[in-house]
Structures are given as C-alpha cells and as structure tokens.
Amino acid sequence: MNDMTPTREQREAKLEGMGCKRKRVEDIRFTQGKGNYVDDLKLPGMLHGDFVRSPHSHARVKKIDDTEALKVPGVLAVITAETLKTVNLAWMPTLAGDVQMVLADGKVLFQNQEVAFVVATDRYAADDGINKVVVEYEPLPVVIDPFKAMDKDAPVLREDLAGKTTGAHGPRKHHNHIFEWTVGDKDLTDAAFRKAEVTIKEMISYHRTHPSPLETCQCVCSFDKIKGELSIWGTFQAPHVIRTVVALIAKIPEHKIHVISPDIGGGFGNKVGAYPGYICVAVASIVTGKPVKWVEDRIENLTATSFARDYHMTTEIASTKEGKVTGLRVHVLADHGAFDACADPSKWPAGFFNIVTGSYDFPTAHLSVDGIYTNKAPGGVAYRCSFRVTEAAYCIERAMDILAQKLGMDPAELRLKNFIKAEQFPYHSALGWEYDSGDYHTAMRKMMETVDYAGLRKEQAALRAAFKRGETREIMGLGVSFFTEIVGAGPSKNCDILGIAMFDSCEIRLHPTGAGIARVGSKSQGQGHETTWAQIIATEIGIPADDIMVEEGNTDTAPYGLGTYGSRSTPVAGAAIAMAARKIKAKAQMIAAYKLEVHEDDLEWDIDGFRVKGLPEKTMSMKDICWAAYNSVPPGMEPGLEAVSYYDPPNMTYPFGAYICVMNIDVDTGVYKVRRFYALDDCGTRINPMIIEGQVHGGLTEAFAIAMGQEIRYDADGNVVTGSFMDFFMPTAVETPHWETDFTVTPSPHHPIGAKGVGESPNVGGVPAFSNAVNDAFSFLGSTHIQMPHDYWRNWKAAKDLGVFA
Amino acid sequence: MIPGPFSYHRPVTVADAVKLLSTLGDEARPLAGGHSLVPMMKLRLASPEHLVDLHGIAGLKGIRRDGNTIVIGAMTTQHELLASDEIGMSLPILDETVLLIADPQVRYRGTIGGNVANGDPGNDMPALMMTLGASYRLEGASGAREVAATEFYQGAYFTALEPGELLTAISIPVPAAGHGYAYEKLKRKVGDYATAAAAVVLTMAGGKVVTCKIGLTNLSETPLLAEDAAKVVIGTSLDPASLKKASAAAVAIMSPASDARGPVEYRKHVGGIMVTRALQRAAGRAR
Ligand SMILES: Cc1cc2nc3c(=O)[nH]c(=O)nc-3n(C[C@H](O)[C@H](O)[C@H](O)COP(=O)(O)OP(=O)(O)OC[C@H]3O[C@@H](n4cnc5c(N)ncnc54)[C@H](O)[C@@H]3O)c2cc1C
C-alpha cells in the first residue's frame, strides 16, 4: 500500500451508498426547467382533445348536438358515447370491479362528468368547440348526503345495475349499495362490549378531499395504423398496469402497446386510476390516425379525477376503568361517488382499513364497511397513503383521545398503556395482520421528552385557567398521534391488481468499465428514485451511486412492475433492487475467485470489492470484476454481468411514528397558530436521510392542509363549491408550520435491507395530530369530537356552539 | 381554463385608448395587469372580443405629489407603490394594505387602476380609497371628469365608469401628520381575498378621537364606508364600550355572501372584530 491508497472511509464515502445524504440527481434537470413531462411532448400533426362536462350532478342526457361545434375552425371530431359504442368502449372497467362510463351514456351521475370529447387541431379550438356543443339535460333528484343514499325512496343512481343483487365484492343490499365488507370476530367483540366497564362511541368523519399534484393528469396517444401499434405517454404511477388494462379492453396485443411515463410532477394517488381521458385520446388517435393529447386543467382535476377519503366511521371502544382497551368496533359508511373507482388491490374493497386497531393491543375487534353510490365524482384513491390507511389511523387516533377524555386520563398515558410491546412482534392483530417489527414505547417516550410533554400540559392548564377567568381569548391544544401504517403491497398471497400479483422488479446491467444501468418497475413522481435506488446498489455491489443510471417508466425496457403508490416502492421494488444486486455480487464473487486463483469461500466482501481472507492485499475491485466479466470469465460461465429480480414480498412492512402538534386558537375568529410540530418517524433502515426529511416535510404539509381546511365540498344540489385553488385549501410556505423531524430505527426483519417506506407516514400520522390538537384545545369547554376540516369559521362555530360567546 | 378568441390592441396614448374603446363598443375591455381580467377570461366568465392593453401608454404610470394630494397613475403597479418613498412617508396605510394583496408575483403585474376599476367587492383598494377620501379621474370621448371613490361603486362589478371611459389617475389627499391608521384583513391564506377587512384612518388629541374614517372590504356587494361606526368613536378614548358600539354599528351595515370562507354570520362577526382591531391599532399609532 502506498500513500495514495484511499482509506476505507474514503472508499465508503465515494460510493454514496445507503445512509448518505446524497443530493437528488434528478434535481439537476428539475431545477433548471429541463424536466420532460407529458405536456412537453409535441409530436408532428398532434391533435388536442377536451371534454364537454356536465353542469348537473344527476340528469338524463336527452340530446347532444354537435352541429355548431363542428363548424368551429380547427374542430375535427366530437366523440360521444354513441361513437365509443362502435368500438365497445362507452364503459370501462374500474380497478374495483365496477364499470364506469367513459362518456355519458344516457345520463350523468356527477357534476363535471365527461359528456363529449372534442378533438381539434389545437387546444384553443378544442375549447371553443366544447362551448358550442349543445347538450339537453333533464335534471333528476340527487343523492349527496351519504347517510341518505340507502333510504328506501332514495333515487336510483346506477340504472345499469338494475336487478344485480351481487357486485364484485358480494351481495348488494340496496340499489345504491356497492358492497359490505366485514372483518374480525363479531361475537367475541360484542361480548367484550357487553362486559366493558367503559365504552365510547363517536361518528368520526374523514371528509372528501383530493390529491393536488403540481402537474394534473394528462396523456398523449399515437396509433400507428401500419404497424398496428399504440404508443401512450401518460402521467401514470403504474405504467405496466395501464398497458395490461389497455390490452384487455382495447384488444390490442400487449407487445404492440408502448406505455411511457416520462417525468411526473407529483402523483399522490391521483395518477393510479384509469380515467376517461385516456380512453378518449386512444380512440381519437385510432379514429384520426394522428397523435392526440389531453391535458386536464386544475378544476377538472379537482372535480372529476379521483378524490380521496369520504369515510364516515362510527367508532366504539370498550375498555376497563383503568384504561386497558378490550374491544374495538367500527362501522364505515364509505362514499365512493357515482362509480366504484377505488384504487385498491382487487380483493380489498376497503383497502387495508383493517389496520384500524392501530398501535394498540386490542384483544378483539370487528369492522364492517358499507360502500355506497352518490352523485359525486368516482374514486377514491389513496392520497399519499397506503389503501385507506390514513382513514384508519385517523379513526383510531381520534377515538383513543375520546376514550382518554372519558376516562380522565392523559392521551399519551393511555397510548403507552395499550401499545403492543416490543417483545410481542411479530404481532398478530385482531383484524388479521402480522405486524413485522416495532418499538412503540421507545418512540413515544422520545417524543414526549424532546418536546417536554409534561411542561406543555402544565402550560395548557394555566392558559385554560386564564381563559376561564376571562384574561385571554386563546385556547391551547396538544395533538398526539401515534400511527402504525401497513405499506408495501404486497404479498401475492393476498394482493393483486386485476389478477396480477403485486410484486416488483429490477434489472441491473453492469458495463465493462464499471458503470451500469438499473431499470425498475416502480415509477418516481418526485420521490427521488433515481437517487435512492442507485444508493442501494452502491452499498450492495460497491459501484459508486454516481455510476449507476436508474431508469423507470418505459414499459418496453423496464421489467414488469406494479408501480409507485401505497409506500410500496422501497418495500417491494427496493427489495427487488437489493436482490438483483446480490445476484450480481454472487456472480462477481465467482469471477473474482477465478481471477485471484482462490476458492470462492476464501473471499470476503470489503466495501467495493472482494479480498482474500487473511491476505488483505490480495483484492479485486468491483470495477475490475466488471471488466473481467466481459473478457475472462471462468470456463463454462456466460460472459456479462447482469441480473433480474422479481420480488414477491413475504409480508407488508409496518412503519410507525410519534407526532405531536401544539396549537393555539383564537376563539373570536377561529384563527389558529401551529406553535410546534414534532414528527418522529421509524421507517426501518434509512437509505437517504435527506430525502426522508423532504418526504416528511411534504407529507406533513399535506396533512396540515387536509386537517385544517382542504376539502371537496358539495352543496345540496351536487355542485362542487371548492373546485379551484381559491377555495380548495392549498397552503403556501407562509401558512405552513415549521417542521421538526426525528427518528428511531427498527428495521423490518423480512426485508432484504430492513427498509419500510416513509413517503406516506407524515400524511397518515399528521392528520390525526392536527385534528387532535384542535379537539384537545376545545375539550375543556365540554366537547368530545369536532369534525374536520378545522378551518377558521368552523373553529369559531365550535366555540360558539360550546357557549363561548354566551 | 382556455379563453375565447379576442383581438389585441396596444395604443400609446390615452386618446387612442379612449378612441378604441368607444369605437369597439361593449365588446372591448381595457387590460391592465390582467390579474383579475385574465382569470375571468380563462373561466370564460368574461369573453371580451377586444383587449385594449394599457401598458404602452407612458402617461398612465407614476406617483407624484401635488401640494397636499398624492396623484397615482392608473397603471402604477402594486409593487411600484411599495417601492415608492413618497407613499411610504405620506400614505403608510397604502403600503400596509398592498402587502396584504396576494404575493409578489401578483403585485408585480397588478395595477392600482385595475384594482379600483375592477368593481370586485373582494379587492382591497376600493374600501381604502373611500376611507382616504380619494377620487378617480375618468377620461372618455367626451372629456375628463373626477369622481369620488365613495360615488364610484354601484354593485358587484358595476361602477360609475361609462362605456368607453378609462380611469387614468387616482388622487388621494395626504392624511394629517400624526394620523393613526390600520388595515386589518382576515384571510384564509396568502393569495386569498378577505373573509372580512377593515381600514381605519383617525386622528387623536388628548387621548380622544378627533376624526375617524372606517372602510369595509368584502362585506357587501360594494366596498362600504362605516359612517355611523366612525361617528360613535369620535370624542371617545376608544374605551371597550365605545369599541363595542362602533363594531356593532359597522356590523349593522354588512351584508356579505355566504361562501367557502364562512357563513354570513361568521363573516359579519369577524367583520366586527376587524373593525375593533383596526381602531385599536390605529389609535396606538396616532400621535
Ligand atoms: C391569486 C390572486 C390573488 C389576489 N388577491 C387579491 C387580494 O387579496 N386583494 C386584492 O385587492 N386583489 C387581489 N388580486 C387581484 C389583483 O390585485 C389584481 O391585479 C387587481 O384586482 C386588478 O388589477 P389589474 O391591473 O391586474 O387589472 P386587470 O385584471 O387587467 O383589470 C381588471 C378590470 O378592470 C378594468 N380596468 C383595468 N384598468 C382599467 C382602467 N385604467 N380603466 C378602466 N378600467 C380598467 C379591466 O378592463 C378589468 O375589467 C388577486 C389576484 C390574484 C391572481
């Protein structure tokens, strides 16, 4: 060794592998405006399509007259359900086993539903055209309130389902009923409630809201008549699934369909589903023989493509006087809108809502969910959460606070008393999950110590006393949230989408000079996969992350994957990456043994290459092995150095965290101030701490928005009253609180690198922290539960209803 | 979110602009910063066939002092108001209010003329102009006239501007030295119009209010001057009872719409609070 030999630390640092705060490589192009999004695509002769949408939320479509529209210069075609019927595409299947109108077929079922698709030479002409299409409607009575959807005399929404007493998920009880889903032991749970010393019951609503990616949903289709090939560029979170769906419904051979997701400007679940726009551009391209583009505007995005939540959760907890929980009973009324377009694994009509027992050791529980139709936009998607996990976390975290209040116990104390203990993992929950790992007590105590929880409670008590003396108009709340997520869908034994198991995949190819490419079945929408995937490979095989190019989103080159949502990329694709890398490493070891003339077992791995045990100067770097792989492999071995892995996870992963929000509210105006927000996340092994922090900041900002005002609200006639960013609360940097982040590390025992996924934790855990803070603030005035969202006027109304102005 | 077709004109003098507007008729609209007009065009709530862009008219820009009056050209941007030392010295309440209008991007383009001429009850400048006793210079084919801000607003998006008329300048009498002022605005977020807002300009002597004007934003179809409320506080030291009476008098003339910012009852309630807070803060600043 000479002085130039790098130290082990230097070699390690050069890799920028796992644990390194590596700067995001994709940001080089994003921060210079050099990203390549769907709307950047301009193909020769490309046409543009736009929708005529329904102003009514329930109406019969009597007549569509396109005469004047077709006279608008540049307008080439007006596509209606009648046109689509000629290719059997007036309706499309949904991911949830329902069918959905692509264009209004006889009636419309929600405001802004797609009625006709105008194709023109440019977007301006298309918009002029849609304003000239005359549609004659006959308004029908509407169903907006989900609690009235199953009234005996409720209007029939889905006439196409007349006589169908069974849906994709079993029997239907009513013409507006979709499914009933039950989990758990009803008898045992009922018995627990009969015996309970203390019970609480509350209807906890999680209002309808919507993901808001910067880039809306969009798509370009180009059909090559000569080759019979269809190319689709779209904002797809799961491009391979889109390819298979298109093959199934358009009857085009799957190898002749090319789906490409270029850079995506945020997804948050919004871009998982299949929307009428995709079908319409495909048909328009097939009909015209030209490429056709469709770009959704913000109002269309908020009002027509998939919403999230709209869960109304009647929640009961049974407990002892000392606060040991003995049973949980939840009934959910799930408003799916006009069509069940829920984006869940096929067999899970309410997603993984049965994680609702949360972080607590409930001996028994029972859950039932009734899905119903209303005159609202169809959905719902998992808005930055695993399937219905944020609803479940909100439900149990709010309910635990309500129980604490009834028992006169501190909410943190109640949680500590009921946590699943570290030694209970793997833990089997009453509703059927096997939690992989956790150490809840440590995380909770770390949170409480860091923020001086006891001190905050003292301050709150003093302020409450001052309020009662009339010395202040401010009240203070502490919102504690301890969530457990279930992410990483998922094992083939219980997860599929339209029959395709929810594995994920990676293909790594190393080049002779020691650089390489990794193609992965996931699809980043801003999560930074190009950065983190290379870091996993760097640590696994000792090639610097900078020398690995990561590519996703092109179905012709990427191995089949199920896409990115539900925090599944790191748990599933991340595992596939590690496994593919390990295959490469195994072959590399054989090559190194051959070159170093030793037995394979005499080699050991050392950061970026192999060395002979006991002879540390006899080494072969991975870079040199790459070269050797292309010219001097052992006899009988195939040259080259590449591997593919398809990873079917043995279990889900269960990230968790302890959050607290400290908030003051001015009762006179309802104006709140978030004084402090602390988020401790345990996502197992941490690949890139900087990216984790960024993900937590973003998710908390969304959670803040949702809890404090972001909603899709309908008036009694079914008009969306919050359909633009003027009224749909989108906080700016000014409103957004300061975030404090922290962590503990409890690796997943079954994951190759122990990582659990973090992108969605802050949205899941953040919402209950904010809502609990508001509720905690008002609790001393006698309230038990105030529904979200907690915007200013509702806070004022809560104060007023509690007699503060009397 | 795509506007309908329109023709674009860019005159370089007020006379040419007025001529264009009067010959093109009802289908022509002046275009200032475009931050109110263009969003409405994108929603096709407005579909003018002709846009007469005022950016080419040099004479419409600028801030000058004319004795005890500040004269501001209609095309002066909100950002330029903030950058002006003259405004900072003579009309600090204007800066305070402008800073509560949206964000820097909007303020770089949005003009004071467009803000006051727009007739949107959500705009912040109109109530402030009424409070300050401002007047607008309107120029049309038949000459120029001066209209007081208090006479200008007739209904939502309905003003004293006659077809073919242009608002060319705003004159604001400089408030007395040592005056107290405050603009209190409750909004849901940056970029939102007021849930309720109140402007107060007052003078005090010996701890008592001598003169007082109170303006209200977004609490009715038009901006309001709360004259009864102002009368109530004159001669008082703004003691709790007087404040309560003043806020009740102001609430009595409010008739806001119920919208996503809150129901009528809430908007009136916080309207009263904005009045109280503005009075208190203004008094604290008076010398
Ligand atoms: C996100 C956002 C948030 C905003 N928030 C606020 C807010 O909180 N408070 C607030 O006050 N404003 C707000 N605005 C509006 C902003 O201040 C506008 O710039 C202003 O209302 C209009 O000025 P403008 O120069 O953009 O006028 P334009 O939009 O160009 O014109 C507005 C109207 O006035 C007419 N007009 C313009 N100039 C003249 C003239 N000289 N003579 C006659 N008619 C004329 C136009 O024909 C048009 O009808 C917001 C705007 C945006 C986009």
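The model is predicted.

Chain A holds 19 helices and 35 strands. Its radius of gyration is 28 Å, close to the 28 Å that the globule rule gives for 806 residues, so chain A is as compact as a globular protein of that length. The C-alpha trace of chain A spans about 85 × 75 × 50 Å along its principal axes. Of the 806 residues in chain A, 64% are buried. Contacts also reach across the sequence. Among those in chain A that link residues at least 6 apart, 80% join residues at least 24 apart.

One open sheet of chain A has three strands, in the order E6-E2-E8, and the pairing is antiparallel. Strand E6 (107-108) and strand E8 (134-139) of chain A stand at the edges. Each has a single partner strand, so one side of each is left without a neighbour in the sheet. In general, strands of a sheet pair through backbone hydrogen bonds, either parallel or antiparallel. Strand E2 of chain A covers residues 59-65 and is joined to E8(A) by six bridges. These two strands run antiparallel. Ala59(A) has Pro139(A) as its bridge partner in E8(A).

Two cis peptide bonds in chain A are described next. One runs from Gly379(A) to Gly380(A), with omega near 0°. Gly380(A) belongs to strand E20 of chain A, which covers residues 379-381. Another cis bond joins Phe425(A) and Pro426(A), where omega is about -5°. Pro426(A) sits in a loop of chain A, between helix H11 (411-418) and strand E21 (427-428).

Positive phi values occur at residues other than glycine. Ile607(A) has a phi near 65°. Its place is in the loop between strand E29 (603-605) and strand E30 (609-612) of chain A. The relative accessibility of Ile607(A) is 10%, so this residue counts as buried. In chain B, Leu238(B) has a positive phi of about 60° and is not a glycine. Leu238(B) is found in the loop between helix H10 (227-233) and helix H11 (240-252) of chain B. With a relative accessible area of 10%, Leu238(B) is buried. The cut-off for a buried residue is under 20%, so the 10% of Ile607(A) qualifies, as does the 10% of Leu238(B).

Phe467(A) is a buried residue within a helix. It is part of helix H13 of chain A, residues 453-468. Its relative accessibility is 12%, so Phe467(A) counts as buried. Leaving out residues up to four places away in sequence, Phe467(A) touches Thr472(A), Arg473(A), Glu474(A), Ile475(A), Val667(A), Phe780(A), Leu781(A) and Val804(A).

Empty space was then examined. Rolling a probe the size of a water molecule over the atoms shows where such space is left. The whole structure contains six cavities of 30 Å³ or more. The largest cavity holds about 170 Å³. It is lined by 18 residues. Those nearest its centre are Gly709(A), Asp727(A), Phe729(A), Asp791(A) and Arg188(B). Its lining has eight nonpolar, two polar and eight charged residues.

The second largest cavity holds about 70 Å³. Its lining consists of Leu95(A), Ala238(A), Val241(A), Ile242(A), Val245(A), Val272(A), Gly273(A), Ala274(A), Ile497(A) and Tyr565(A). By class, nine of these are nonpolar, one is polar and none is charged. Helix H7 of chain A, residues 239-250, gives the most to this lining, with three residues.

The second largest pocket has a volume of about 600 Å³. It is lined by 26 residues, and those closest to its centre are Pro6(A), Arg11(A), Asp606(A), Asp608(A) and Ser621(A). Helix H1 (8-15), E30 and strand E31 (615-621) of chain A each give two or more residues to the lining of this pocket. By class, the lining of the second largest pocket has eight nonpolar, nine polar and nine charged residues.

Note on methods. Residues are numbered from 1 along each chain as its sequence is written. Chains are lettered from A and ligands numbered from 1 in the order in which they are written. This is a predicted model: local features need pLDDT of at least 70, side-chain atom pairs count only at pLDDT 80 or more; totals for chains, interfaces and linings use all residues. Side-chain values use heavy atoms; hydrogens and water are left out. Two strands pair if DSSP finds at least two bridges between them. Helices (H or I, at least four residues) and strands (E, at least two) are DSSP runs, numbered from the N terminus. Buried means under 20% relative accessible area, exposed over 50%, partly exposed in between (1.4 Å probe, protein chains only). Contact means heavy atoms within 4.5 Å. On a 1 Å grid over the protein atoms alone, a cavity is a set of points where a 1.4 Å probe fits but cannot get out, and a pocket is an open set with protein on both sides within 12 Å along at least five of seven lines; lining residues have an atom within 4 Å of a point. Grid points are joined across faces, edges and corners, and a volume is the space filled by probe spheres set on the points. Ala, Val, Leu, Ile, Met, Phe, Trp, Tyr, Cys and Pro count as nonpolar, Asp, Glu, Lys and Arg as charged, and the others, Gly among them, as polar. The radius of gyration is taken over C-alpha atoms; the globule rule is 2.2 Å times the number of residues to the power 0.38.
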